[in-house]
Amino acid sequence: MPNALPPAYTITPPNRALTGRVSPPGSKSIPNRPLLLAALAKGTSHLTGALKSKDTVLMARALREMGVTVEEPDATSFRVTSSGRLSAPQAPLFLGNAGTATRFLTAAVATIDGTVIVDGDEDMRLRPIRPLVDALNFLGIAAECPTGCPPVTIRGNGRFGRGRVEIDASLSSQYVSALLMAAPFGDGPIEIALTGKDIGARGYVDLTLAAMRAFGAEVEAHDTGSWLVQPTGYKAADFHIEPDASAATYLWGIAALTGGAIDLGIATDAFTQPDAAAQALIAAYPDMPEIIDGSQMQDAVPTMAVVAAFNNRPVRFVGIANLRVKETDRIRAVANELNRIRPGLAVEEGDDLLVWSDPALAGQTLPARIETYHDHRIAMSFALAGLLVNGITILDPACTGKTYPEYWDMLAGLGVELKATD
């Protein structure tokens with residue numbers, strides 16, 4: 001397929017089981033962690049297995065603007081050389097709608113002696129960041145975000161404080177990860193504690209801890225709600241990035257809906273990312289459970305919701321309030337687009353999503369132009385509906401470049417017919 005994608009793709013159901021081997025791209029969740037840590041480590045680090053998505057491109061560009069040498073020897077590798085410190089950029093850091101890059105760098109640039117503005121696109125400017133800014137202020141770092149969302153202005157003095165800081169991570173675990181990764185530059189040990197037990201996708205904090213330790217950090221989890229980080233700084237290291245579990249959910253969905261089999265080249269239990277837990281739920285199709293708690297596998301919820309549309313019984317998704325502050329309000333987006341396929345197919349009940357499953361949808365012709373809201377996960381998950389329903393058109397297919405640039409090539413390679421339309 002050409003690099004410049006059309007305005008829309010209309011999908012023709014294959015009417016057969018889809019089989020084959022597909023290698024998912026590198027993890028979307030992991031790369032910005034070792035990229036940042038390599039930039040904070042003195043020496044040269046080598047990262048392999050990386051996804052060159054929009055998010056990693058934006059992170060790499062921002063690091064270069066702060067004096068770090070980031071080279072790309074091949075399509076899945078980075079070579080990062082740093083003095084071990086970031087320098088103040090000459091202009092605001094623009095990070096598009098990359099949540100990890102924006103949150104992680106908001107904390108990391110506090111180690112700079114100078115003023116840095118962290119900003120994003122119009123969608124990023126709607127994504128909350130105040131809990132992280134409040135935590136920085138508590139550590140003695142001057143930071144402000146007048147709207148509670150980016151842009152954030154950080155006036156660093158080269159120090160990251162010490163002692164105990166509490167943070168509300170109910171909206172995003174990325175706030176915790178951001179503080180954790182900057183904490184080795186403290187004047188002394190820093191304890192990071194949750195204000196409550198609620199945290200969005202705790203498993204992603206575990207990914208952060210693993211990456212930090214790989215680069216020489218000393219961090220200890222005291223209990224389920226606090227972490228103690230020693231002021232060790234970081235050491236250059238080599239780091240391999242595993243395939244993306246969130247991307248794998250689409251492959252599991254393809255296999256389930258078509259009765260096929262997709263070999264990912266990696267066992268499900270080899271994934272360390274939280275979204276891998278979705279595999280068992282998707283594999284249960286057409287008898288997925290009536291209630292699915294999506295709190296610890298949030299990026300997998302759109303995939304599971306589309307698969308659930310064809311389930312034998314309704315499925316209620318709970319614990320997913322954080323989906324309202326992703327690239328778009330994913331609860332509303334999924335409900336809207338399922339209802340575009342058939343009115344009444346989904347309903348929002350508070351922050352729950354109830355999918356009124358109907359296996360009879362399969363084989364019907366239900367023309368629907370699916371709005372994707374600039375959100376890669378909406379585009380990729382709703383493409384699965386086109387495997388069973390005639391007339392599904394995905395608008396703005398290029399948005400999948402954020403995490404899975406080869407997504408449409410993958411579908412075509414499995415034998416799915418995609419017709420370019422306006």
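**Close-up views of a predicted model**

View 1. A search of the whole structure turns up one cavity of 30 Å³ or more. On a 1 Å grid over the protein atoms alone, a cavity is a set of points where a 1.4 Å probe fits but cannot get out, and lining residues have an atom within 4 Å of a point. Its volume, the space filled by probe spheres set on the points, with grid points joined across faces, edges and corners, is about 290 Å³ for the largest cavity. Of the 21 residues that line the largest cavity, S172, Q174, Y204, D299 and K326 are the closest to its centre. The lining holds four nonpolar, nine polar and eight charged residues, where Asp, Glu, Lys and Arg count as charged, Ala, Val, Leu, Ile, Met, Phe, Trp, Tyr, Cys and Pro as nonpolar, and the others, Gly among them, as polar. Helix α3 (residues 99-108) gives the most to this lining, with three residues.

A note on reading these views: this is a predicted model, in which local features need pLDDT of at least 70 and side-chain atom pairs count only at pLDDT 80 or more, while totals for chains, interfaces and linings use all residues. Residues are numbered from 1 along each chain as its sequence is written, and side-chain values use heavy atoms, with hydrogens and water left out.

**View 2. Helix α6.** Helices are DSSP runs of H or I with at least four residues, strands are runs of E with at least two, and both are numbered from the N terminus. Among the buried residues of α6 are Y204, L207 and A211; buried means under 20% relative accessible area, with a 1.4 Å probe and protein chains only. Just after α6, G216 has a positive phi of about 95°.

**View 3. Aromatic rings.** The count comes to seven aromatic pairs, meaning rings of Phe, Tyr and Trp (its six-membered ring) with centres within 6.5 Å; planes over 60 degrees apart count as edge-to-face. W252 and F271 form an edge-to-face pair, with centres 6.1 Å apart and planes at 85°. W252 is buried at 11% relative accessible area, and F271 is buried at 8%. Elsewhere, ring pairs link Y9, Y250, Y404, Y407 and W408 into a cluster.

Technical notes. Buried < 20%, exposed > 50% of the residue type's maximum accessible area, 1.4 Å probe, protein only. 1 Å grid on protein atoms, 1.4 Å probe; cavity = no way out; pocket = protein on both sides within 12 Å on 5 of 7 lines; lining within 4 Å. Phe/Tyr/Trp six-rings, centres within 6.5 Å; stacked < 30°, edge-to-face > 60°.
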